[in-house]
Amino acid sequence: MSEPTTEQELGITKSKEHETGEWYAEVVRKAKLASYGPEGMSGFIITRPRGYALWEAIRDDLDEQFKSTGVRNAYFPVFIPESYLQREKDIIEGFDPEVAWVTHGGHEELEERLAVRPTSESIITPYMSQWIRSHRDLPLRVNQWCGVVRWEATETKPFFRTKEFLWQEGHTAHRSREDALEETFLRLDQYESTYEDLLAMPVLKGEKPEHDKFPGADTTTTIEALMPDGKSVQGSTSHYLGTSFAEAFDITYADEDEEQNLAHTTSWGISWRAIGALIMTHSDDQGLVLPPTVAPEQVVVVPIWQSDTKDDVLAYAEDLTEELEEAGVRVKLDDREGRNPGFKFNEWELKGVPLRIEIGPNEVDDDELTLVHRSDGESVVEDREGADETVQGHLDEVYAKLYASAEEVLENGVREADSRDEILGTIGQHGGYVKAPWCGEEDCETEVKDQIAAEIVMVPFEEEDDLADGDHDETCAVCGDDAERTAYFAKSY
């Protein structure tokens, strides 16, 4: 990837609305979030510092939430013996097409193949079984921040779908189904908080249909985010694994009467797919748009001078920058020589900085600031006095604007259908989510998927689904049999 060197290079040439894939790739490259991996390594990316800073913001937010609710971080090997995967047959069956295998160490062939972890249940769970002896050891909660490899054959896209990606995976063990389910929903709520309170993205919560659960899971819950192009992103998942992993890996505990019981386990995770969803949700044809909560630079100060006003303007800008830094604002003073203000405006817009402060001789004379919102270009003149509070107020306003825009996309993107043709026609014309009564059979999803490449991305939780109690006379929109659940159909990333 070449670096932008001219004003023309700074511009986004593709349309988000009409050339979404090419637009997305251009934003990722020109905003300096990532580069593609070496030739011959298709599907791998180099995460640049600006892109990694976004992951750090997500990681730090969730890490604090996890630790506040009893989770402790650990780290397990990147390699998993094949025999470990085989102990939970659903895992190996579910991931075998995507597993990368190590067969040699140096020049010697290994006695047993080692999987490059596609997920870590099969390496973490055996050690949980060693650490748990008594009911006093429960609940046990561990999490690791790591990378995984899934050798997917499908088309790759930076952050959305890559062969290697960063994520966290939490694993817990509990005395009862009730405790484990409570844990499952707690983590789902924390993911929702990260999307809505950190990334300015409203989301839907629900569960995956029976045929699309995590391999070996009893229940898979999901966060789904709607992109402006009408496709859904699975933002994170939280699984109640029942006792299947406890049976496979002998996770038992002695209760108060010394009776041996199987533990109930959970796993839950979020990947840097959240970064892809963030970019796709907020960015525009001028480049990256970031909420202030995650932006590496929340504010850029751009001084505008002529030779006779340079000293006064720079002094004013430097004083403001220092005040904002002391107030904890992530601020950048762009006082570069040889770049005109227009170039600087375009560059920082491309990089997604939420708020620009322009300072010229008029601002200096009038003791004012001109603030420009990246989200919509709104320009406001404010008094210089109390700049730290003023700037924070504008950053909050930018966040609110981004959230409101994404919320409108979600609200307008949920439609209802009562027949197969309505499902196909609505998704084909509008995209988004289509709510429809569903009999619960995978064949009905397959019929829609074969026609329009849309699938059931989630069903509402039973307590929120009027069709789940069976006290109704609605029929499946696809086959006409009695409906058991409400299904959300959508195309997805």
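A residue counts as exposed when its relative accessible area is over 50%, and as buried when that area is under 20%. By this cut-off E155 is exposed, because its relative accessibility is 71%. The structure discussed here is a predicted model.

## Loop residues and backbone geometry

E155 belongs to the loop between β7 (140-149) and β8 (164-174). Its C-alpha atom lies 33 Å from that of N73, and the two residues are 82 positions apart in sequence. The loop between β7 and β8 also holds F159. In contrast to the exposed E155, F159 is buried, with a relative accessible area of 1%.

Most residues other than glycine have a negative phi, and most peptide bonds are trans. Against that background, several backbone positions in this model deserve attention. F159 has a positive phi, near 70°. A positive phi also occurs at D250, with a value near 55°; D250 sits in the loop between α8 (244-249) and β12 (252-254) and is exposed at 52% relative accessibility. K32, which follows helix α2, has a positive phi near 65°. As for the peptide bonds, the one from L138 to P139 is cis, with omega near -5°. P139 is located in the loop between α6 (121-131) and β7.

## Helices and their packing

Helix α2 comprises residues 20-30, and its buried residues are T20, W23, Y24, E26, V27, V28 and K30.

Helix α3 (residues 49-68) packs against helix α7 (residues 177-198) with the axes 10 Å apart and at an angle of about 140°. The two helices, α3 and α7, are therefore oblique to each other. An angle has to be over 145 degrees to count as roughly antiparallel, and the angle here is about 140°. The crossing of α3 and α7 is right-handed. On the α3 side the contact is made by A57, I58, D61, L62, Q65 and F66, and on the α7 side by R187, Q190, Y191, S193, T194 and L198.

T281 is placed in helix α9 (residues 273-282) and is buried, with a relative accessible area of 13%. When residues up to four places away in sequence are not counted, T281 touches K16, M201, M227, P228 and A406.

## Salt bridges

The model contains 35 salt bridges.

| Pair | N to O distance |
|---|---|
| E207 and R485 | 3.3 Å |
| E347 and K351 | 3.4 Å |
| K401 and E378 | 2.4 Å |

The bridge between E207 and R485 has an N to O distance of 3.3 Å. E207 lies in strand β9 (residues 204-207) and R485 in strand β23 (residues 485-490), so this pair ties together parts that are 278 residues apart in sequence. Both E207 and R485 are buried.

E347 and K351 are likewise buried. Their salt bridge belongs to a network of salt bridges that links D334, R336, K344, E347 and K351.

E378 is partly exposed, with a relative accessible area of 32%.

## Cysteines

How many disulfides does the structure hold? The structure holds zero disulfides. C476 is in no disulfide, and the nearest cysteine sulfur, that of C479, is 3.8 Å away. A disulfide requires the two sulfur atoms to be within 2.5 Å. A disulfide is a covalent bond between the sulfur atoms of two cysteines. C476 is buried, with a relative accessible area of 3%. C146 also counts as buried, at 7% relative accessibility.

Note on methods
Residues are numbered from 1 along each chain as its sequence is written. This is a predicted model: local features need pLDDT of at least 70, side-chain atom pairs count only at pLDDT 80 or more; totals for chains, interfaces and linings use all residues. Side-chain values use heavy atoms; hydrogens and water are left out. Buried means under 20% relative accessible area, exposed over 50%, partly exposed in between (1.4 Å probe, protein chains only). Helices (H or I, at least four residues) and strands (E, at least two) are DSSP runs, numbered from the N terminus. A salt bridge is a side-chain nitrogen of Lys or Arg within 4 Å of a carboxyl oxygen of Asp or Glu. Axes are lines fitted to C-alpha atoms, for helices over the stretch in contact, and angles run from 0 to 180 degrees between N-to-C directions. Angles under 35 degrees count as roughly parallel, over 145 as roughly antiparallel, 65 to 115 as roughly perpendicular and the rest as oblique. A crossing is left-handed if the near helix is turned anticlockwise from the far one by less than a right angle, and right-handed if clockwise. Contact means heavy atoms within 4.5 Å.
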